[in-house]
Amino acid sequence: MSIRNPNSQLELLQGTLDLLILQTLAFGRAHGHAIARSIELKSDEVLRVGHGSLYPALQRLLRLKLITAEDGISENNRKARFYRLTAKGHSVLHAETSKWQRFSEAIARVLQPLPE
Amino acid sequence: MNFFRRRQSRLQQEIEAHIAFEIEENLEVGMSPEEARHAATKKFGSPQLTVERSREIWGLVWLERLLQDLRYALRTLKKSPGYTATVILTLAVGLGATATILAVVDSVLLRPVAIPHPEQLVMVQGQNNTLLADSQIEDLSHQSRIFSAVSAYSTGLKPVVTPSSTRVSLFAKVTPDLFKALDVHALRGRLFRHADTSAPVVVLNYAFWHDWLHAKPGIVGSTIKIGGKEQTVIGILPQGVHFPFGLSAPFVYLPLSHQAKNHNFMNGNYAFVMARMEPGVTLPQARAAAESVLAHDYQGDGVSPKMLFMQSYKTYLVGNMQKPLFALLGGVLVLLLIACANVANLQIVRSLERMEEMHVRSALGASFARLLQQLITESVVVAFSGALLGAAISFAAIHAIKAAYEDAYARFQHLALHPVVFLTMALLALAVGILASLAPAFHVRRQTMASTVRQRTTPRTRLSSALVALQVALTCVLLVVCGLFVRTFVALQHVQLGFNPHHLTELVLLPQDTHKSPTFYRETDAELLHRFQALPGVQAAALQSSLPFSRYQFYMSSSTDVSTRPFRNGDSASYSIVSSNFVTASGIHLLQGRGFLPSDDGSKAIVVLVNQAFVHKFLTGHNPIGVNIKMHSDPGDKPSDKPLRGNMTIVGVVQNELQGGDLGAAFQPMVYLDYAQLPAKSGFLSVFTICSQFAIRSTLPQGVLRNEIRATLKRVAPDMAEMEIQPMEQGIASSLSQRRLALRLVSSFGAVALLLSAIGIYGVLAYAVTLRRKEIGIRMALGSSRTGVIHLVLRKAAWMVLFGVLPGMAGAWFAGRAVKSFLFGVTPLDPMTETAVALALLLVAALAASIPAWRAARVDPMEVLRTE
C-alpha cells in the first residue's frame, strides 16, 4: 500500500500522522508536545512508536510549506517552538480531509456486513 | 555549515523541551521524579533516531557527507604524514614539470603569431636558402586566384644613430605589399605605398619606437640615420607585429626597390617571399600554383620548381623549436605517467593496510558506494594539494626559465602559465585522483566479498607489482635517453675543433656607413689588421669571414668544378675569405702543401687552401696540390653572376676547422681565399661592406686586450661599430648551453623518475613483507634461514626490475630513435648506456629492497606463531 505519489501527497500511514497534525493545527498554533498530546487523544495507534516520530513529520510539513514554525512562550512559561498552518496547509487539509473521509467511508462500507 | 549545526541543535532543544513537558505532566499525576523521567523518555523513543530521520528529510545529506568525508580524509591523512607527503610531492613534481613544459609548448608553439589569419601566410623560397628572382616574384603576384598578396623582403643588420647612442638594428627591406599581406595597419603615420620604393623612408616597429626612442610623440616626419643615410620616419607599427623573425627586438623596415641596378650576388634582385593565400586555398594548392609559375624559363635565374621550398609562416617561426619541445613534452609525460603509477601504487598499498577498517565499516552497514566516495574524496584532497603545490613549482620554474633564457630564445619572452594550461593541470590532477582511487576501491570490494576466506590466504600484490614494473620500464626509457644525452655532451666536448681556441679572441665589426665601395672597406680592414698585429702583447691577428662561433658568419656556397673529374650535380663547396696568416694565427694544422705567402698577393693566379672534407669529397686518391678548381657555370648563367671567374689553384690542405657555432655539425668542403688576392671587381668583396671578423691571439688579460683594441678602433676606424668581442672559449661554452639545458632537463626528469621508482619498489616490498609476516614466520619455524628470507624479498625486487627493464629497453630504443637528431657521437642503441642504466636500476632496486628485506629477516617466528 505504500506507494509514494510524487505530488507531495501523503503516504498512507505517514499520511495519517501528517493529516492529524494538520487537523490539530487547524484550531490554532501549538507546540510539539501539545500536538502529540492532541493526536494521542484522537488515535492511540499513530504515535505508538513514540512521540519522537512526530518531529520528522513536522520537518516534512515544514519543507512542504504546509506549516510554519516560530519561537514563543508556552502557557507554563517555557520557551517552546510553535507551529501554525499556512494558507497552503489549510487548502491541503481541506482537500485531504474530504479525500480521507471518502476513503474511510469506502473502507467502512467494505467492512460492513452486507445486508441480507 | 553553521546553518546545519544551528538547525540540528534547535531540534535537539525542541526534543528536550518536549521531554520536559512530559516530565512535568507526569509529576502532576503524582509520579516520583525518576519514574516521571523514565516514563517520559520511554514515551518519546530514541531522540537520536528522531534527529536522524529529520536530517534525512532536510536533505543536503550529500553535502554534509562530503564535508564529513573531507574532515575524515584530512584527519586520516594527518595520521600518516609520510604517506601524505610522498603522494603530494610525487604529484606536485609530476604535475609541476608537466605544466611547465606544457606552458612552454603552449607559449612557443601554439600561440606565436599575432597577425590576422596567420594560417593563410606562406613563406616561399628555394632550398638551401636560395632566393626567388625578381621576375619570378612578379609572376607569382599575378596568381591572384591563389594569392591575395605577394610580397618580397630581405633582411640584415644596420647601424642606427638614435639620440642616445649608435646601435645596430635588424632591418628588413620590404615591398609595399608586405604590410598588405600581413594585414596590419600603422599605429602612427602610414605604411609604404608603391611610390615609396626609391624614397628615403622608414617604418619603425613598436619596440624601436618604445625602447630606443622612448615612445617620443611626433616622431613621424622626423629623420633618423640608418646605415649612414638619413631616412624619414613615415610610420610606426602596432605592438605584436614581429615579422619575420618573431622577435620583439627593435626592428626597422625599409622599402625594397624592384629596380636595383647593381646585379651581384650579395645585394641583387633576389628576395624571400611571403604571400597571403586566398581564404580556402590550401598549402598544396599554393605549392602547385607556385611550381607552375616557376616552370617558366627564367634563364637559370632564381629557384627552379624542383628546388621550391614552401612552408606556413607558423612553421617557419617555430620550426626549429618544435622538435626539441615535443621531445621534452614526451619526456615529461613519461614522468607524469611514472608519478601516476606511483601514486596509484601508494594508494593500493595504503588501502590494503586499511582493509581492517574497511571491513569494520562495511560490517557496520557502510555501502560500497559510500566507501568508494570516501576513498575518492581522500584521493581528490591529495590530488588537489599536489596540483596546488605543482602549480607553485611550475610558476617558479617558468619565472626561472624566462629570466634565464629570455634573451636566447625568440619566443620565451612571451612565456607564461596560461589559464588554459592551469585548468588542464587541475583536470589532470582530478583525473589522476579518481583513477588512482578506483583501483584500490575495487580491490577493497573484491577483498570484502572474499572476506570469509581472507584469513587463510596471503593476499597478493600483483597489481602493485605490475605498476612497479611499468614504472621501472618508463624510468628505464628516461634514463637511457638521459645517458645518450650525457654521452652526446661528452662527445661534443671532445670534438676536434681544428684550431686552437686558447688565448684566441674574436672581434666582429660592422661599418656604419655601408655606401662606400667594397675596396674602401678592404683597405680599412687591412689597416686594422696591421695595427692589431702591432699591438704589444698580441702574438697574431687574422681576418676570417667565417669565424667559428661568431654570430655573423659569411661563407658562400657554390657549385664547383674540380679539374680532376667531370662536374656532377651536388658538387658544391663553401668559400671563406681569410687573411694570408690565418693558418698560423688560428693554430690550424697544415697537412699538405703550404699556406698563403706574401708573394701570392701580387701574382695574377689565385691560389687557395682547402680543408680535409674538400679533399675527401673531390680528390680522394689524387694529390690535391696543384689541382685547379673553378666556380661552376650552368649554361645560361651570366658570367657577372659569379663572384670569382677563372681558375683557383690549390696550394695547401688544412685540417677541418669547425664551421658555424654547432659542435655537432658535420664538416663541409671549404675553400679558403686570401682577401688580398681578390680582384677589385670580385663579388666576394661585398662581404666587407657587411662586416669584418678578426681572430686575435694574445696572452693579455681580456680586459687589457679589449681596451687596446677599442683604442685602436677609435684612432683608425671610428666608423666601425663593435658587434662582438669575446674569448673563443666563451663562444664554445655558450654554444653548448642549449645542449646543457636539454641535458639538465632530461637528467632531472631521469633523477626524479629513479627516485619515484625506488619509492614504488620500497612501498610494494614493505607491504608484501607486512602481509607475509605470518608466512615468513612459519617458513623460519620450519627451518628457513634468515638469508633465505632475505633472498625471498630480494628475488621479488629482482623480478619487478626484470619485468620492467625488458620492455623498458625496447621503449628506450624507440625513444632513442625519436631523439636521434639531437645525438652526436653515439648511436640510439648504445649497449654501454643500456648496461649502465640496467645496472643503476638494479642497484637502486637493491637499495630500496634492503630495508624490507632486513625487516623480513628480523621476523620472530615464535611471536608470529603465538598470534596465530
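Leaving aside neighbours within four places in sequence, A99(B) is in contact with G390(B), A391(B), S394(B), L417(B), V421(B) and M425(B). The model that shows this is a predicted one. A99(B) belongs to helix 5 of chain B, which covers residues 81-110. The residue is buried, because 29 other C-beta atoms lie within 10 Å, and the cut-off for burial is 20 or more. A99(B) and A426(B) are 327 residues apart in sequence, yet their C-alpha atoms are 9.9 Å apart in space.

The next part of chain B to consider is a sheet. Four strands make up this open sheet in the order 13-21-12-22, with antiparallel pairing. Strand 13 (538-543) and strand 22 (720-727) are at the edges, each with a single partner strand, so one side of each has no neighbour in the sheet. From one strand to the next, the twist averages 20°. Strands of a sheet pair through backbone hydrogen bonds, in either a parallel or an antiparallel way.

The pairings can be followed across the sheet in order. Strand 13 of chain B is joined to strand 21 of chain B by five bridges, and the two run antiparallel. Here V538(B) stands opposite S698(B) of strand 21. Strand 21 of chain B in turn pairs with strand 12 of chain B over six bridges, again in the antiparallel sense. T505(B) has I696(B) in strand 21 as its bridge partner. Seven bridges then join strand 12 (residues 504-511) of chain B to strand 22 of chain B, and these two also run antiparallel. In strand 22, E722(B) is the residue opposite L509(B).

Is strand 21 of chain B buried or exposed? Seven of its seven residues are buried, so strand 21 of chain B is largely enclosed by the rest of the structure. The burial applies to both faces of the strand: S692(B), F694(B), I696(B) and S698(B) are buried on one side, and Q693(B), A695(B) and R697(B) on the other. Two helices of chain B lie across strands of this sheet. Helix 21 (residues 702-716) lies across strand 12, strand 21 (692-698) and strand 22 of chain B, and runs at about 165° to strand 22. Helix 22 (residues 728-735) lies across strand 12 and strand 22 of chain B, running at about 75° to strand 22.

Strand 18 of chain B is joined to strand 14 (residues 556-562) of chain B by three bridges, with the two strands antiparallel. K630(B) is the bridge partner of D561(B) in that pairing. Strand 18 of chain B also pairs with strand 19 (residues 648-654) of chain B, in the antiparallel sense and over two bridges. There, N628(B) has T649(B) as its bridge partner.

Helix packing in chain B is the next topic. Two packed helices are described by the angle between their axes and the distance between the axes. The axes of helix 23 (residues 737-771) and helix 26 (residues 831-857) of chain B come within 8 Å and cross at roughly 20°. Helix 23 of chain B is therefore roughly parallel to helix 26 of chain B. The crossing of these two helices of chain B is right-handed. Helix 23 of chain B contributes residues including L754(B), I761(B), Y762(B) and L765(B) to the contact, and helix 26 of chain B contributes residues including V844(B), L847(B), I851(B) and R855(B). By class, this contact has 15 nonpolar residues, one polar and one charged.

Chain A remains. Its secondary structure comes to four helices and three strands, which run α-β-α-α-β-β-α from the N terminus. Chain A has 116 residues, of which 30% count as buried. Among contacts in chain A with a separation of 6 or more, 43% are between residues 24 or more positions apart.

Where do the two chains meet? The contact takes 16 residues from chain A and 18 residues from chain B. On the side of chain B that touches chain A, helix 1 (2-28), helix 2 (33-44) and helix 3 (47-58) of chain B each supply at least two residues. The residues on that side of chain B divide into nine nonpolar, five polar and four charged.

Terms used
Residues numbered from 1 in each chain as written. Chains lettered and ligands numbered in written order. Predicted model: local features only at pLDDT ≥ 70, side-chain atom pairs only at ≥ 80, totals over all residues. Contact = placed C-beta atoms within 7 Å. Nonpolar A, V, L, I, M, F, W, Y, C, P; charged D, E, K, R; others polar. Buried ≥ 20, exposed ≤ 12 C-beta atoms within 10 Å, placed from the backbone. Axes fitted to C-alpha atoms, helices over the stretch in contact; angles between N-to-C directions. Parallel < 35°, antiparallel > 145°, perpendicular 65-115°, else oblique. Left-handed = near helix turned anticlockwise from the far one by under 90°. Pairing = 2+ DSSP bridges.
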